[in-house]
Amino acid sequence: MSKGLKTTLVILGAMVALGLVTLPGLRQAVRRLHSTPRTEEQARREVMQEPISTPTDVEVQAQMYWLSGSSPNSLDPTAIQLPLSADPVERSKQLLNALIVRAPRPERRTLPAEASLLAFYIQPNGTAIADFSDEIVSGMPSGILSEQLAVQSIAQTLGANVTGIRQLKILVHGQEAETLAGHLDLYGLFPVPSLAPAAAPSSPVPAAAPTKTPVTSGAAQTKATGSAPAAAAPAPGKQAPH
Amino acid sequence: MAVVILDPAHGGADPGARGSSGLAESDIVLSYARLVRISLEAQGIRVLLTRQANDDPSFDDRSKLANAQRGGVFISLHVSSTGQPGTVRVYSLPQMTVQQSAASAPRAGLLPWDRAQFKFIDQSRRLAELIQIQMAQRFRGSSETPFEAPVRQLRTVGAPAVAIEVSSVSVPDRAPLDQMGPGLADAVARAVAAFRTIYESGGK
């Protein structure tokens with residue numbers, strides 16, 4: 001056997017041994033990839049929507065308004081632990097992102113999972129402007145009921161956790177849209193019920209009583225929003241600036 | 001009251017709410033509109049439809065048909081994606097919009113097109129009450145009191161106007177929705193007849 005052939009055999013042997021050693025690890029890695037499939041939505045969100053964190057974040061109990069677990073016609077407040085900023089704009093962004101991604105179960109969603117918040121502003125007069133991606137329209141179940149509950153979930157979640165927001169304008173991809181998904185009018189401003197405690201924004205929000213919050217009848221809306229006007233009723237003639 | 005304008009929502013390229021079994025809101029509301037028309041005409045009430053086939057007039061075109069009439073009533077028909085199947089909700093615009101519109105109303109007595117409904121909110125609410133109670137008597141689980149929501153179609157109608165929404169296209173086939181048609185038509189016809197009496201006597 002020539003010296004060159006011996007060397008080749010030794011190298012081949014070493015490579016086979018190395019392969020045998022690393023094979024279990026590779027198998028494990030393949031199994032891991034199979035067991036945790038990433039949806040397109042998850043992958044996009046990881047790239048597009050890193051969690052917002054600010055130096056003033058404090059872990060608090062946030063009151064989130066998702067669909068009731070027992071009635072498809074109403075919202076229920078649900079307390080979750082959430083790091084929230086003291087800055088009202090950043091705090092609102094954190095809340096609306098959580099409203100999209102942290103629903104306890106898919107059937108309690110009010111906003112499409114694939115939607116994202118593109119921008120958020122608060123004007124000095126207390127008008128908040130929330131600009132959502134196109135998926136807020138394309139992924140929204142069509143209907144007066146579902147569209148009204150979607151807007152009310154946004155307004156009530158903001159009202160319960162952020163002080164100083166009085167009304168809400170919804171934009172879609174930076175533009176005014178005629179309707180949310182064919183029914184609900186996005187022409188005007190939606191009142192935001194003042195449900196947040198008067199304490200500083202960064203203080204923990206106490207958990208609300210676990211009562212159902214029906215919101216679709218006129219009477220129930222008033223009940224749910226206290227002295228505030230009925231939620232999801234846009235005020236006419238007050239257009240957000242472009 | 002001279003005429004009822006029935007508005008089967010959506011149509012054409014816009015199917016409205018879609019069920020997983022392929023049901024389309026636009027098809028079902030058109031069949032409802034035809035049944036309601038028969039029931040209203042049987043009461044001697046003239047009826048116009050905003051669409052007769054699978055086309056999709058704009059919100060403003062539908063409002064234009066209503067606003068060209070004198071003494072009309074506008075009823076928009078919908079089927080939702082969600083809600084308890086077999087129930088019906090009747091909507092009018094919220095009252096608060098009237099108060100806010102008063103400050104910005106034009107002096108010449110003309111109604112701005114984009115807020116044409118605001119002068120009729122009280123009458124619309126009364127019509128919604130009359131229809132909703134009829135629905136509650138026919139469809140178990142339906143509310144006895146009507147609802148308020150900023151429905152886009154209603155805002156530009158210068159006449160008493162309501163939206164009726166049936167739940168839902170989530171049912172496995174359209175048979176249960178079709179079965180609701182005659183009851184829905186009878187409920188609307190009875191409520192409109194009662195409203196006509198109130199309307200023509202000038203009461204609320």
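Residues are numbered from 1 along each chain as its sequence is written, with chains lettered from A and ligands numbered from 1 in the order in which they are written. Because the model is predicted, local features need pLDDT of at least 70 and side-chain atom pairs count only at pLDDT 80 or more, whereas totals for chains, interfaces and linings use all residues.

In chain A, an open sheet of mixed pairing is formed by four strands in the order S3-S4-S5-S6. Helices (H or I, at least four residues) and strands (E, at least two) are DSSP runs, numbered from the N terminus, and two strands pair if DSSP finds at least two bridges between them. The edges of the sheet are strand S3 (117–122) and strand S6 (190–191) of chain A, each of which pairs on one side only. Strands S4 (residues 127–132) and S5 (residues 167–172) of chain A run parallel and are joined by six bridges; within this pairing, A:Ala128 has A:Leu168 in S5(A) as its bridge partner.

Two helices of chain A pack on the sheet. Helix H3 (residues 88–101) of chain A touches S3 and S4, and its direction makes about 145 degrees with that of S3(A). Helix H5 (residues 144–161) of chain A touches S4, S5 and S6, with a direction at about 130 degrees to that of S5(A). Here two residues are in contact if their C-beta atoms, placed from the backbone, lie within 7 Å; axes are lines fitted to C-alpha atoms, for helices over the stretch in contact, and angles run from 0 to 180 degrees between N-to-C directions.

The pairing of S3(A) with S4(A) is antiparallel and extends over five bridges. In this pairing A:Tyr121 stands opposite A:Ile129 of S4(A). The two strands form a hairpin with four residues between them, and A:Gly126 in the turn has a positive phi of about 90 degrees.

A:His173 lies in the loop between S5 and S6 of chain A, and B:His10 in the loop between strand S1 (3–8) and H1 of chain B. A residue is buried if 20 or more other C-beta atoms, placed from the backbone, lie within 10 Å of its own, exposed if 12 or fewer, and partly exposed in between. A:His173, with 14 such atoms, is therefore partly exposed, while B:His10 counts as buried because it has 26 C-beta neighbours inside 10 Å.

In chain B, helix H1 (residues 25–42) and helix H6 (residues 175–201) pack at an angle of about 40 degrees, with their axes 8 Å apart. The two helices are therefore oblique to each other (angles under 35 degrees count as roughly parallel, over 145 as roughly antiparallel, 65 to 115 as roughly perpendicular and the rest as oblique). The contributing residues include B:Ile28, B:Tyr32 and B:Leu35 of H1(B) and B:Leu177, B:Leu184 and B:Val188 of H6(B).

Elsewhere in chain B, a cis peptide bond with omega of about -10 degrees joins B:Ser167 and B:Ser168. B:Ser168 lies in the loop between strand S6 (161–166) and H6 of chain B.
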